[in-house]
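This report takes up helix packing, chain contacts and backbone geometry. Please keep the structure at hand while reading.

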Amino acid sequence: MTLDWPTLLPLIFAGLMGLAILIYVILDGFDLGIGILFAVAEDGEQDTMIAAIGPFWDANETWLVLAVGLLLVAFPLAHGTILTALYIPVFLLLVGLILRGVAFDFRAKVPAGRKHRWNRIFFLGSVIASLAQGYMLGIYVLGLDVGHGGMAFGALVALCLAAAYAAMGAAWVIYKTEGELQKKAVLWLRRALVLTALGMVAVSLATPLASPRIFDKWFVWPAMLYLSPLPVLSAVLFAWLWRQTFHLPKPNDRHALTPFLTLAAIFTLGFAGLAWSFYPFVVPDRLTIWQAASAPESLAIILAGTVVVLPIIIFYSFYAYRVFGGKATDLTYD
Amino acid sequence: MDPLILSRIQFGANISFHILFPAITIALGWMLLFFKLRYNATGDTAWMRAYFTWVKVFALSFAMGVVSGVTMSFQFGTNWPGYMETVGNIAGPLLAYEILTAFFLEAAFLGIMLFGFRRVSNRIHTLATVLVAGGTTLSAFWIIALNSWMQTPVGFEMRDGVAHATDWWAIVFNPSMPYRLVHMLLASGLTVSFLIAGLSALRYLYGDRSESMWKALRTGVFTAAILIPIQIFAGDQHGLNTLEHQPQKIAAMEANWNTGPNVPLVLLALPDEAARENKFELTIPDGASLILRHSASGVVPGLNDYAGNHPPVFPVFWAFRIMVGTGVLMLVVSWSAAFFLKRRHSLPRPLALVMVPMALSGWLATLAGWYTTEIGRQPWLVTGVLKTVDAVGPVAGSQVALSLAIYLILYALLLIAYLGVLVYLALKAAKDGDASPLPGVLDAPLSQPAAK
């Protein structure tokens, strides 16, 4: 492989797209998770939970637009192939995102009596969107196979991802709240972790069976050795976090952000594992990133902008999070 | 069922639903900045009250715009894969720049603008408002650049059936882009002015005479009265630009079947595409020649020059007339209201009654205008480069039918809920008048300490 621009650019864009997806999954993960947790939260708690994500969710969802945008602009062939194959799950994802996105705003503006309805819609939209994302991931892992086995595997991943998002949501609630709700969130986190762990074990066992190609990529010497830190570290972090749930919340609210950061680390490790499984394909077994990429001159002009703008975006996103740092208080416009 | 026509209806429904909300947020951001700057300058809390009423509308409209916009970015792939495969090298960077430079900016600072008034200094809050308003406008710039390029593509070459960019400057500032951008920005300004004026008129009818109602009402009416003549001029210039670059669209807009001099202006008619003539015509002799060529003997292009290669006449003809008709109505209403507000310092009840439904006139005109220009581009997706029929994806018609049906139901319900909330917010503001508490403003008028 020679390192010239036509070789490098698709690689860089695959990396950028991966980064955008990872940031999206972590950031929208916690606010989708909070939507899922609406099922077990009471009225007053729901208001606090919304206040914990209110100022952020618009920007969080923007990372999905960037990820799809990068797929669209950098790998137009893959964009068409993947999205036409996943037509119905993508459609469900969008319906879910629409419902929860607007429910967010409507619940705060309608007459008090109608609020319940929009709370339910918020929960429903969050669940639909999470399940659809998991299902799409499952089908994608199997190379866009939509047979019965593929659908079952997709459903399994869907449940696993929804549980993982719920765990993220609970971890965010631990960070952003105090008192009874925080204690409750610790319990939610513990349960969601168990479900996530079960799901991840099932998915890990099923993946090599379902996709011999991925099996071959992982279980060959010496790749196995280099890769072993990924699952081992994930398992250690998992176990450690689970133990932590018996000691949280700590005095003076120390380590309130730790569960969230730990989960983010686990997501990152899992994501690295997925990336390894797929490389160099953007559509598994069909299109490599080089086959699907746009013309180098078009990629170059996007890259020039990205290099300048992305650090600025990350900087002001941090700033926005800092402005609304600390425990969530009631959101008011004035 | 035919996936092509279903996909077209679905995309049309989606983009129609989507444009309603950017049409509001683009100009409402600047309107909010105006309220904010007036408050900064005068310290009058009524301006801040108007700000907080309308910032809620902004938040809701923004959310509706985001979710419907996300839907569209996916639909390029789910329904129109041929589009990105053919012109992805050009559409891609423009969309990428929209997301990177504009969308993130709005989304990140929206939180501060909406909920940050008591958490950041007044200066930072004003800056957040500027950045959000600037972000929405920049967003419009990139999207209009891409849309205009699809209408009047330049600055590229075709290699193996795929468009490759040769001159980015020419692509972004393509021939129809400046006209379309100005026309759309003004349309957004008018949409918001009439929305603010209309909902303020509703408050007026419910007996609200508060200072914040008067301020919003005057701002809406005067802005509309100033923008509408500018818009009529800009629209005329846009039409002449279209005549130069897309004559077949003008021929369809005017329902002119035959090229020639002394072409009459068809005011109303039922264009019959099969017979290639107009039924029940009402015309002004030489009108079209005079408007388009500034001479009675000016030659106006007719549809006969573009047989098989021009847009469907009936929808383009009527969409254009609805847009123009609404524009004339806007002129009459806004100037009358401006007259009464300026000279009599009052609003006659019948005029207020008319202004309430006119709150949505901007939406009607914007949609009609977009239908004119987008249907007017058919049968091409990208003029001369890619036909719509060649871009549609291999998805089964039944799947598209299913998604289309659910989208339509969802959009209808959301639209009802949205309008319901607008009316509810207006009536709530009418009830509160100048009495609602504004803790952040009253406690510390010009410097809010960051809350811990």
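At what angle do helix α6 and helix α7 of chain A pack, and how far apart are their axes? The angle is about 130°, and the axes are 7 Å apart. The helices cover residues 115–141 for α6 and residues 148–176 for α7. This is a predicted model, and every value below is computed from it.

**Helix pair in chain A**

An angle of about 130° makes α6(A) oblique to α7(A). The crossing is right-handed. On the α6(A) side, the contact includes Val127(A), Ser130(A), Leu131(A), Gln133(A) and Gly134(A). Tyr135(A), Leu137(A), Gly138(A) and Ile139(A) also belong to the α6(A) side.

**Helix pair in chain B**

Helix α1 spans residues 3–42 and helix α13 spans residues 397–432. Their axes come within 9 Å and cross at roughly 25°. Angles under 35 degrees count as roughly parallel, and α1(B) and α13(B) are therefore roughly parallel to each other. Their crossing is left-handed.

Pro3(B), Leu6(B), Ser7(B), Ile9(B), Gln10(B), Ala13(B), Asn14(B) and Phe17(B) form the α1(B) side of the contact. Among their partners in α13(B) are Gly397(B), Val400(B), Leu404(B), Tyr407(B), Leu408(B) and Tyr411(B). This contact holds 11 nonpolar residues, five polar and no charged.

**Where the chains meet**

How many residues of each chain take part in the contact between chain A and chain B? Chain A brings 56 residues and chain B brings 64. On chain A, the helices α3 (57–74), α4 (76–85), α5 (87–109) and α14 (296–323) each supply at least two residues of the touching side. The most come from α5(A), with 14 residues. The side of chain A that touches chain B divides into 36 nonpolar, 14 polar and six charged residues.

Val309(A) gives one local view. It sits in helix α14 of chain A. Leaving aside neighbours within four places in sequence, Val309(A) is in contact with Leu100(B) and Thr101(B). Val309(A) counts as partly exposed, with 17 C-beta neighbours inside 10 Å.

The table sets out the overall values for each chain.

| Item | Chain A | Chain B |
|---|---|---|
| Secondary structure | 14 helices, two strands | 14 helices, six strands |
| Radius of gyration | 20 Å | 23 Å |
| C-alpha extent along principal axes | roughly 60 × 40 × 40 Å | about 70 × 50 × 40 Å |
| Buried residues | 50% of 334 residues | 54% of 452 residues |

Contacts across the sequence can be read in the same way. Take the contacts in chain A with a separation of 6 or more: residues 24 or more positions apart account for 76% of them. In chain B, the corresponding share is 75%.

**Backbone geometry in chain B**

Most residues other than glycine have a negative phi, and most peptide bonds are trans.

The peptide bond from Gln378(B) to Pro379(B) is cis, with omega near 5°. Pro379(B) lies in the loop between α12 (361–375) and β5 (380–382).

Ala255(B) has a positive phi, near 50°. Its place is the loop between α8 (247–253) and β3 (265–272) of chain B. Is Ala255(B) buried or exposed? Ala255(B) is buried, with 27 other C-beta atoms within 10 Å; the cut-off for buried is 20 or more.

Asn262(B) also has a positive phi, of about 50°, although it is not a glycine. Asn262(B) lies in the loop between α8 and β3 of chain B. With 16 C-beta neighbours inside 10 Å, Asn262(B) counts as partly exposed.

Definitions and conventions. Residues numbered from 1 in each chain as written. Chains lettered and ligands numbered in written order. Predicted model: local features only at pLDDT ≥ 70, side-chain atom pairs only at ≥ 80, totals over all residues. Contact = placed C-beta atoms within 7 Å. Helix = DSSP H or I, 4+ residues; strand = E, 2+ residues; numbered from the N terminus. Nonpolar A, V, L, I, M, F, W, Y, C, P; charged D, E, K, R; others polar. Axes fitted to C-alpha atoms, helices over the stretch in contact; angles between N-to-C directions. Parallel < 35°, antiparallel > 145°, perpendicular 65-115°, else oblique. Left-handed = near helix turned anticlockwise from the far one by under 90°. Rg over C-alpha atoms; globule rule 2.2 N^0.38 Å. Buried ≥ 20, exposed ≤ 12 C-beta atoms within 10 Å, placed from the backbone.
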